[in-house]
Amino acid sequence: MPGNLGRAPIQIVEIDMPTCSRVYGTLPCTAVLGTTGKRKCYNTRATCQSPTGYSGTGTVTMRFGQNQSGLPVGVIPALTSVSTRATKINLSGIDPKTTALGQRARVTVVIQDFMHSDIGFDPYVSQRKSGAAQSDGIGYNPADRGTALARWHNRWPYYLGKPLRVLEGYEGDALASMRTRHYVITEWSGPSAGGVVEITAKDVLDLADNDKAQAPRASRGRLSADITASDTSLTLIPATVGDEYGASGYLVIGREVMTFTRSGDVLTLTGRGLLGTVASSHKTNDQVQEALYYQAQRMDLIVADLLKTYAGVPASFIDAAAWQAEVERWLGGIVFTGFIPKPEGVAKLIGELCQHGVMIWWDEISQKIRIACNRPLDIGESYVSLTDDANIIAGTADIEDMVDARASQVWFWHGVVDPTQSVSSSNMRALHVAGDLEGEGPDRYNEARVKEITSRWFGTAGDYANASVIADRLLARFRDTPIQLTCVLDAKDLAGMAPTAVLQVTTRLITDDTGAMVAYPMQVQYREETDPGNRVKIEAQTFKVTGRFGYIMLDGSPDYDAATAAQKIEGAWIVDDTLLSFPD
């Protein structure tokens, strides 16, 4: 790359672990050497001797690089390898080979264990040597006792979800100037007999995985006594479990939905047999599950709440303003109502929402979760040019027909019959079918390809208007078999290849019926630096959004003749459907 000729590329792995900000034996730390422990702690939660005084507000950062010249100060030359798998998006879960959230980004780093002085990782390292940190007064040199990663793993066994970053730059670069990819740790293996440690980390959406985050949370309360179909209150057991419930909300007992207000362990039932369920009697020890009910909300607000409240995703990873702008622009007027009667995986719930024509993914470079809708280019947006001559490395391009992604029919099930039961087509009251029956004919594809969407997110009544909008958009996008392009580019093209970027591809592999190359619109699904700083691999799929599009003008906008040039470019005006002209 320009400006980097002759400089060796460098990869650095950083891992952050929390540390206690207290001083051993100094209040509020109540640890006493010889009483609470044989040796002072290492200011980590696993070695803490005064849990009530623990304050994990500090951070220690481990930095590893390969054994090469030019490593910044403080980087330990123990890194053996870094292997990555990039994010791959999946619009509306149309690709049956992956989940609705697509393929998640992952990195695996291999580190060779090593001896270390513990300086910078143990606040009492000098006292270990003198013996003042041990109750028997006998000192030792940490550099001579075991290997660093083995003991650090013991001090920080709670590594799941902790930050791991991969920094990429060149010899002589400052850490702050290197491009950084962000992940969270999911696995730690080793050290092996050969001293090898393998650490796996995934993108931040891993925090929402179904086995790690559920919404609503499981309720532990049970009925203290039988209740009839007409009772207006109940008492929870065991004692004080009511503190785990909200002050008011929705709950489910058996197959009945109720509303409540709470005082201590006593719930006043303000509504019985709601959302189409039937008020009935319930028995002692029946579970009282607090439910989650989103009513007429924008999709971005629901996704943000699921991630922040139930998956513990930091708010800083969510660009709320960008999310709102995308959703209001392309799902304007569509609101979502979903009743969740029992704990379900957050990733599953977000995947259900993605079926409505939305892509959600982690951008590991900007450290943001992104949202994009199934939509045409907006006013002012333009295609990114990608050509054989200017961008694609010779001999690396390949195309494939994505037969499984074609949809000749989109079946959209909606309108939940029984909100306490599973989400399935048999539990839906309404169906909208968008179909391209001509495309199924013997002189076309000669087969049907059905994509089914089963949505709880239009409530118990359903929403025919918006179900048809979403289904019709998906059919327009996937009625013809999409083409997937795989190719390798120079690193100079990295910035324009972000997931969901829309390309105008000109390649010898895609031609018209005469054999002439044609500019073909495609959307990036996958981008990975296979050789950091040098080569980028991408996958892009057909971007075909058919039809004519216009944007409804705000109230108070002028008639066409009085509109400005900018308004005419962006807005749509309705004409007489017979004369096809303005009546004035």
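**Before you start.** This is a predicted model, in which local features need pLDDT of at least 70 and side-chain atom pairs count only at pLDDT 80 or more, while totals for chains, interfaces and linings use all residues. Residues are numbered from 1 along each chain as its sequence is written, and side-chain values use heavy atoms, with hydrogens and water left out.

**Stop 1: helix H2.** Select residues 148-155, which form H2; helices (H or I, at least four residues) and strands (E, at least two) are DSSP runs, numbered from the N terminus. Colour Ala148, Leu149, Arg151, Trp152 and Arg155, which are buried (under 20% relative accessible area with a 1.4 Å probe, protein chains only; exposed is over 50%, partly exposed in between). These residues sit on the same side of H2 because they cover an arc of only 165° around the axis, taken from the directions from the helix axis to the C-beta atoms. Now show strands E2 (58-65), E4 (106-112), E6 (179-189) and E7 (196-202), which are among the elements covering the buried residues of H2.

**Stop 2: a loop glycine.** Pick Gly172, in the loop between E5 (163-170) and E6. Is Gly172 buried or exposed? With 65% relative accessibility, Gly172 is exposed. Leaving aside residues up to four places away in sequence, Gly172 touches Arg7 and Gly70 (contact means heavy atoms within 4.5 Å).

**Stop 3: helix H4.** Select residues 320-330 and highlight Trp323, Glu326, Val327 and Trp330, the buried residues of H4. Look down the axis of H4: these residues fall within an arc of 90°, so they line one face of the helix. Their cover includes helix H3 (299-310), strand E19 and helix H6 (464-478).

Stop 4: Strand E19 (368-373) pairs with strand E18 (358-363) in the antiparallel sense over six bridges; two strands pair if DSSP finds at least two bridges between them. Zoom in on Trp362, which stands opposite Ile369 in E19. Four residues lie between the strands of this hairpin, and Gln367 takes a positive phi near 60°.

Stop 5: Finish with Arg39, Tyr42, Tyr140, Arg145 and Arg155, the closest to the centre of the second largest pocket among the 18 residues that line it. A pocket is an open set of points on a 1 Å grid over the protein atoms alone, where a 1.4 Å probe fits, with protein on both sides within 12 Å along at least five of seven lines; lining residues have an atom within 4 Å of a point.
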